[in-house]
Amino acid sequence: MNTAGIRTIVRKELRSYFLSPVALIFLAVFLVAVLVDFFFLSAFFSRNLADVRPLFASLPFLLIFLVSAVTMRQWSEEQKMGTLEVLLTLPLKTSHLVLSKFAAGMVLVALALAFTLALPITVAQLGDLDMGPVVGGYVAALLLASTYMAIGLCVSAKTDNQIVALMVTATICAVMYALGADAVTKFVGNETGEFLRSLGTGSRFSSIERGVLDLRDLLYYGSLTVFFLVLNTYFLETKRMEKQPAEGDSRRGGLLVTIALAGLNAVAVNIWLAPVTSARVDLTADGEYSISEVTEGVLAELDEPLIIAGYFSERTHPKLAELVPRIRDFLREYEIRGSGNVNLVFANPATDEELEREIQEQYGIKSFPFQVTGRHEQAVVNSFFHVLIKYGDEFEVLSFMDLVEVHTEESNIQVRLRNLEYDVTRSIKRVTEGFQSIEAALAANDQSVKVTAYISPASLPPE
C-alpha cells in the first residue's frame, strides 16, 4: 500500500477544508445543534440525572447531516472542476484514492465528536457518571459515521452536483436509520420487526451506546463500510475505463464479480453471526446488562414463546421516568439471550383505550395515581409502570411496587430499581413451571388417554 501517497491526499483534503470556512461552518453548526438539543430540547437540568443519553440519542440524526455535508464535495467537486482525471492519472490505485478521501472525512468527523467531550466531562463533575455508556456511545458514533461516510462517497462519485449528492446521501442514510426504529417496527409482526431491527443502523447504534459492545454490531457496521467503499472504487474505475475502452471491457467483468463477492460476504458474515449472543462486552460499571448463567439456563429451557411486555406511560413521576430506559435496555437482554423464544413488547396504554381495557380485563393492570410536584403546581398523574410476564396461559405482573425501592435520606428521596434480574427471572420461573402445554402433557403420559366430549348441537351457533 502506498501510504505516502495516501497521507499526501489526506493532507490535501484537510487543507482544502480548513483553508476555507467550510469546515468551521460544519463544525460550528454541528456543535450548536448538539448543545441546543442536550440542554434545551432534552431538558438536561430538569432531568436531574448524571448521564449523557440525550447526547447519543440525537447524534445519529445530526451525523446524517454532518457526514452528508462533508462528503457532498469529495468527488462531486473533483468532477465539476475537472481535477478527477488528474487524480486518476496519479501513480495510486483507485482504492487508495478512496481510502484517502474516506480517512480525511473521518478525521473531520472525529474532530467534531472530540469537541463534544466537554459535555460528559462537565456531567462527570456534577454527578457520578458511568463512563461505560460514554465510551460505547462514542465508539458507536464513529462506526455509524464510517458507514454514512462510505455511502456519501458512493453518491458523490455518481454526480457532479453537490446539492444532489447532499440530498441523496441524507435520504439513504435516513432510510437505513429508520428501518429498525420503533415507529416502523410497530406496524409489523415480531419476526418482521426483528428482521428490520437487524438491518437498521439506528437500532444497532442504540445497542452499543448503552454500553454493550457486541461483535455482531461491530461487524455489521464494518461490513457495510467495506461494501460501499468497494462500490465507490468500482464507480471510479468505470470513469477511468471510459478513457481506456479497450482495457476497460476486459476488466469490467472482474470488477463486477468483486462487488458481488463483497456484497455476498457482507450478508454471509452477518447471517453467520446472527445467532452468536455471547461475543459481547458489558462496559457499564456495575454490569447492568449482563445476565447470569442461571437466567440463561431458564431461558434455554423455554418450550413455548415467552412474552415480556413493558407498559409505561410517557407522563409519570419524574423519579420513575429516570428508570424506564434502564428497564427497557435490560429487558432487551432477555430477548437477545432468548434465541427467538422471547418476544419483547413496549407500549403506552395511556394513549390506547383498547389496549388499556384489554390489559385491565385480562391481567388486572390498572394505572396508578402519582403525585407530581412542580415549582408552581401540584398534580396527580395516573400512569402505568408495569411489566407483564406471560407464558402460555400463565402470567405474572410486576408493578412499580415490585420493581423499585424508595430510600429517604433527610429531605432527599431516592428511587432506584431493586434486583431487576432476580424479580424478572423469578417471575419467568413461576409462569413456566405453572404452565404445561397439551403436547408436553401427552408426551409425559405413558398410558392411554380417553377424551369424552358432550356437545349439544341444537344450542350451539352455526359456526
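Tutor: Two strands are said to pair if DSSP finds at least two bridges between them. Please keep in mind that the structure above is a predicted model.

Student: Which residue of β4 is the bridge partner of Y311?

Tutor: The partner of Y311 is A347. In general, strands of a sheet pair through backbone hydrogen bonds, in either a parallel or an antiparallel manner. Here, strand β3, residues 306-312, runs parallel to β4, and six bridges join the two.

Student: What is the order of the strands in the sheet?

Tutor: The four strands follow the order β4-β3-β7-β8 in an open sheet whose pairing is mixed. Because β4 (342-347) and β8 (394-398) each have a single partner strand, they form the edges, and one side of each is left without a neighbour in the sheet. From one strand to the next, the twist averages 15°.

Student: Which strands does helix α21 lie across?

Tutor: Helix α21, residues 420-434, lies across β3, β7 (385-391) and β8, and its direction makes an angle of about 160° with β8.

Student: Is H386 buried or exposed?

Tutor: The criterion for a buried residue is a relative accessible area under 20%. H386, a residue of strand β7, has a value of 8% and is therefore buried.

Student: What does H386 touch beyond residues up to four places away in sequence?

Tutor: Its contacts include A309, G310, Y311 and F312, together with I365 and K366, and also V397, L398 and S399. As for K366, its backbone oxygen lies 3.3 Å from a polar atom of the H386 side chain.

Note on methods:
Residues are numbered from 1 along each chain as its sequence is written. This is a predicted model: local features need pLDDT of at least 70, side-chain atom pairs count only at pLDDT 80 or more; totals for chains, interfaces and linings use all residues. Side-chain values use heavy atoms; hydrogens and water are left out. Axes are lines fitted to C-alpha atoms, for helices over the stretch in contact, and angles run from 0 to 180 degrees between N-to-C directions. Contact means heavy atoms within 4.5 Å. Buried means under 20% relative accessible area, exposed over 50%, partly exposed in between (1.4 Å probe, protein chains only). A polar contact is a pair of N or O atoms within 3.5 Å; within protein, one must be able to donate a hydrogen and the other to accept it, and residues adjacent in sequence count only if both atoms are side-chain atoms.
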